[in-house]
Amino acid sequence: MDLLSPYIRFKGKEFDTSRKTQYGLTIQISLGGFSFVVNDAEQGRIVALRAYNNVDTLAHVKDAVSEFCADNGLDTASFAKVTCVVDDANYAVVPSGLFGQEQAEACLDFCNDNQGNTVITEHVPLAGCDVVYGVGEGLVESLSGISQKHETRHAAAILIGDLLLRNKGLRQYVNVRQSDIDVMVADDDKLLFYNSFNFKGIDDFLYFIVTVMRQYGSPEQMKLCFCGMVMPDSAVMNLVNRYVRNVGFLESALLPADIDVPRHYFYVPLAII
């Protein structure tokens, strides 16, 4: 299946089918593609990773996972846990307890085009907020075809919860996707800002980052940390480095040393493993 040729394909030497009941599956769904990670929950390591670009049909998620399992002596029913990370801009961050479910759905409809989606509310205790997001019927069907016991999470809730636990001082974080970015600002364990922006080019990319940064501090002083699909030596990062002094990347320690993938690429799904 040429459509399902992954641009990242990794299987570690520790991969062992006899341990399949200890394996968890984490799927990340983004615009233009998806990826999945197989981890050994007991040993705390990543044993396989695949990523696919330019795949628009959610049915291919099930096809890709099933193909991987068939090729490697697994079956989807054997996974101890299946989690899907929805990494898109179809969400709203609201104070906890502000809305009931009906009001949450109305809020999401107001902020995004959410027609026909199932609305999920994910609580982020440390921030005192809820992330309200929509999941389409196609994704639900695809995930159900993999496992009836799957869990759905949103990237915004994952990033807010994870980064507030780690953050020290005043910092800005940026999660990069194909054509939009999530921008977060935190001061120690206090969430100050979280929103997404669609960019058309590198000038837009820089404008949104610096505009938010100037509301809370200075590009000469604030630390700026990136994760997601952006390369350190890309044109957009060269531009960012001209205007922001302290730039770094959120690197996951879970990625094996022998995988040739930037360690910030899959920070979001790896943050919940």
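Let me start with the lining of the largest cavity, whose residues divide into eight nonpolar, one polar and one charged, where Ala, Val, Leu, Ile, Met, Phe, Trp, Tyr, Cys and Pro count as nonpolar, Asp, Glu, Lys and Arg as charged, and the others, Gly among them, as polar. This is a predicted model, in which local features need pLDDT of at least 70 and side-chain atom pairs count only at pLDDT 80 or more, while totals for chains, interfaces and linings use all residues. Residues are numbered from 1 along each chain as its sequence is written, and side-chain values use heavy atoms, with hydrogens and water left out.

A cavity here is a set of points, on a 1 Å grid over the protein atoms alone, where a 1.4 Å probe fits but cannot get out, and lining residues have an atom within 4 Å of a point. The count comes to one cavity of 30 Å³ or more, and the largest cavity holds about 50 Å³ of space, its volume being that filled by probe spheres set on points joined across faces, edges and corners. Among the residues that line the largest cavity are Leu-159, Tyr-173, Asp-182 and Cys-227. Strand E10 (170-176) supplies at least two lining residues, as do helix H4 (155-166) and strand E11 (180-187), and the largest share, three residues, comes from E10.

Turning to the cysteines, the whole structure has zero disulfides, a disulfide being a pair of cysteine sulfur atoms within 2.5 Å. The sulfur of Cys-225 has its closest cysteine sulfur in Cys-227, 9.3 Å away and therefore too far for a bond.

Notes. 1 Å grid on protein atoms, 1.4 Å probe; cavity = no way out; pocket = protein on both sides within 12 Å on 5 of 7 lines; lining within 4 Å. Helix = DSSP H or I, 4+ residues; strand = E, 2+ residues; numbered from the N terminus.
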